[in-house]
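Subject: Structure handover and notes

Dear colleague,

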Amino acid sequence: GNECVESEAGGQARLTRVWTALPDTAGDTPPATEWVAGMLRAGARAVRLFPKRMSWTLDEWCAGTLLSALEERRVPAFIPFEETDLAQVHRVLEAYSRLPLVLSGASYRINRMLFPLLERHANLRLDLSPRWDVHDGIEQVCARAGAERLLFGTGWPVHDAGSAIAYLAYARISEEERALIGAGNLDRLLAEVAV
């Protein structure tokens, strides 16, 4: 899949490539530090993690070398909510406190756990893909953890972009916060990657 990303997007400067990462424990990928270095040389600047779908775990004994390599280079790791649980997210955030971890596709039902995680872990971000349709949710995160913790996301092409755009456009926040969420926060995360 990562090779397909490169063949489709490699020559287009307007696109930031995101690769899918796997632990190096099965011997079918290079050692994690080499793999991350190669990914960065190829121009990718973030990864997606699918531990449930690809039959692995974020626990140290399985993914430790991968998470350490990503943390060392400050590579943002996007993980869909359905691929993990928040107790495991908490353990990863504690063990790898410089790893930018972005939770995607979260549901409003997790707020009682999400807000304490955001307040405790500065390296946790939330992507505003359409499933996170929380009444006053953007306002609550901005007030409790700061606008820099939110990344705009639509879930397109699976989801229509309209709801995500409307949530951000009509949120009762400052224009500065809206600009951070809309693009500034992601731009900063990608600029912090140690290429």
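A salt bridge is taken here as a side-chain nitrogen of Lys or Arg within 4 Å of a carboxyl oxygen of Asp or Glu. This is a predicted model, in which local features need pLDDT of at least 70 and side-chain atom pairs count only at pLDDT 80 or more, while totals for chains, interfaces and linings use all residues. Residues are numbered from 1 along each chain as its sequence is written, and side-chain values use heavy atoms, with hydrogens and water left out.

A search of the whole structure finds eight salt bridges. One of them joins the side chains of Asp-136 and Arg-172 at 2.8 Å, N to O, and this pair, 36 residues apart, links distant parts of the chain. Arg-172 counts as exposed at 61% relative accessibility, whereas Asp-136, at 23%, is partly exposed (buried means under 20% relative accessible area, exposed over 50%, partly exposed in between, with a 1.4 Å probe and protein chains only). Glu-83 and Arg-53 also meet in a salt bridge, at 3.4 Å; Glu-83 is buried at 5%, but Arg-53 is exposed at 56%.

Leaving aside residues up to four places away in sequence, Leu-49 touches residues including Trp-56, Phe-78 and Glu-83, where contact means heavy atoms within 4.5 Å.

Best regards

Definitions and conventions: Helix = DSSP H or I, 4+ residues; strand = E, 2+ residues; numbered from the N terminus.
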